[in-house]
Amino acid sequence: MRKDYLFTSESVSEGHPDKVSDRISDMVVDHFIAKDPFARVACETLTTTNKVVLAGEIRGPVQEDKEEIISKVRDCIKDIGYEQEGFHWQNADIQYLLHGQSADIAMGVDSSGNKDEGAGDQGIMFGYACTETPELMPAPIYYSHKILELMAKGRKEGSLPGLEPDSKSQVTLKYVNGQPHAVTSVVISTQHADGLSPADVQEIVTPVLKQAIPAPLLQHLSDEEYYVNPTGNFVIGGPDGDTGLTGRKIIVDTYGGAAPHGGGAFSGKDPTKVDRSAAYAARYLAKNIVAAGLSSQCTIQLSYAIGVAKPLSIYVNTQGTNTIDEAKIEAAIPEIMNLSPKGIREKLQLNRPIYEQTAAYGHFGRTHNSTSGAFSWEALDLVSDFKSLA
């Protein structure tokens, strides 16, 4: 395993057109789950110049709730901060194309008789954890998220005037002996008010960079490798500048490329869709394994077939950092956690309206809120179970 190398991850803000779409789709999930914890939702959103298109399959009061959902779409856009000529919460045209769920899909997923609740689709899902940050996340994606999260906070509070909602970040880290050693380059591109120069924008965002990344990692960053709005101007942005679609930022949503991804998006899907729930379970297991000291890195793969409850396979890879045999960890996982869709849903309490807040700044490495149940997959309540294996 290589010990010395450069690795880069990127993030995009809540105002990025794809993230606007993700948030709206997750708002729809929360809307129906708040009314019925067992609602089925598969919602896709397209955003472009002053237009939002909602499409998908729902088991719930689809047509009865149409006007309420359209109003909530406007609330999402307003909260993100879009009051621009090309994309405005008040006058955007919202097309509502949600309809009922396919009976064939429902039949395969529903429990009946002796049949347990099945997976909402086939597929492979991955979870990952490592010791690079206290949150047990890869450092490049964690710091990329943090830059944009702090920029959005400052923009909304008024301490960073001149910034607009659409932005991207990218952090390159030098690893020495397998651990983050120094940031070698940073890219921050942010939409801004007309009339600001790149130098003006750099002056606004540099304090955020220093707040987001620990000083020891920044001490070797040169001015030549610090890029702020390298195109020179970024006034037109958001859905007015680029069309957004749900599910196009799956690497941003997970580990920034530091771990595999099964290919399925999370946003817009209720927890019967294992693309979402099993990826959360895999992260939960990997994080607890690392926190238990069984390894300093852990990748977990789960696989499912549509309509089938039990996972078809469980795979653990610790990149040689394990303190006990990986096969022993694999064998213990089904004893420690029920990985059927129902088992995951009940263990992580996923039938709650907790999804809209996951749509930006990553689904992982966030703070578990024990009151609302948000980010339950970040809890460390399995550590003692995994420690017992040692």
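Biologist: Gly178 lies in the loop between which two elements?

Modeller: Between E8 and strand E9 (179-192). Strands are DSSP runs of E with at least two residues, helices are runs of H or I with at least four, and numbering starts at the N terminus. The model is predicted: local features need pLDDT of at least 70, side-chain atom pairs count only at pLDDT 80 or more, and totals for chains, interfaces and linings use all residues. Residues are numbered from 1 along each chain as its sequence is written, and side-chain values use heavy atoms, leaving out hydrogens and water.

Biologist: What is Gly178 in contact with, leaving aside its neighbours within four places in sequence?

Modeller: Lys3 and Tyr5. Contact means heavy atoms within 4.5 Å. Tyr361 is 183 residues from Gly178 along the chain, and their C-alpha atoms are separated by 25 Å.

Biologist: How many residues line the largest pocket, and which lie nearest its centre?

Modeller: There are 23 lining residues, with Tyr5, Tyr128, Glu132, Gly178 and Gln297 nearest the centre. The volume is about 420 Å³. A volume is the space filled by probe spheres set on the grid points, which are joined across faces, edges and corners. Strands E1 (5-12), E7 (123-130) and E12 (297-304) each supply at least two lining residues.

Biologist: How do you sort that lining by class?

Modeller: It has 11 nonpolar, 9 polar and 3 charged residues. Ala, Val, Leu, Ile, Met, Phe, Trp, Tyr, Cys and Pro count as nonpolar; Asp, Glu, Lys and Arg as charged; the others as polar, Gly among them.

Biologist: How many cavities of 30 Å³ or more does a search of the whole structure find?

Modeller: It finds 2. E7 and helix H9 (274-291) are the elements giving two or more residues, and E7 has the largest share, 3 residues. The classes are 7 nonpolar, 5 polar and 1 charged.

Biologist: What lines the second largest cavity?

Modeller: The lining includes Ser13, Met151, Arg155, Pro165 and Tyr361. The space is about 50 Å³. Helix H4 (139-157) and strand E8 (163-176) each supply at least two of the lining residues. By class, the lining has 6 nonpolar, 3 polar and 2 charged residues.

Biologist: Why is H4 called oblique to H5?

Modeller: Start with the angle. The axes of H4 and helix H5 (198-212) cross at roughly 135 degrees and come within 9 Å. That value makes H4 oblique to H5. Under 35 degrees is roughly parallel, over 145 roughly antiparallel, 65 to 115 roughly perpendicular, and the rest oblique. Axes are lines fitted to C-alpha atoms, for helices over the stretch in contact, and angles run from 0 to 180 degrees between N-to-C directions.

Biologist: Which residues of H4 and H5 meet?

Modeller: Tyr143, Lys146, Ile147, Leu150 and Met151 of H4 meet Val205, Val208, Leu209, Gln211 and Ala212 of H5. By class, this contact has 8 nonpolar, 1 polar and 1 charged residues.

Biologist: At what angle do H1 and H2 pack?

Modeller: About 135 degrees, with the axes of H1 (17-35) and H2 (66-80) 10 Å apart. H1 and H2 are therefore oblique to each other. Among the contact residues are Val20, Ile24 and Phe32 of H1, and Ile69, Val73 and Cys76 of H2. The contact has 10 nonpolar, 1 polar and 5 charged residues.

Conventions
1 Å grid on protein atoms, 1.4 Å probe; cavity = no way out; pocket = protein on both sides within 12 Å on 5 of 7 lines; lining within 4 Å.
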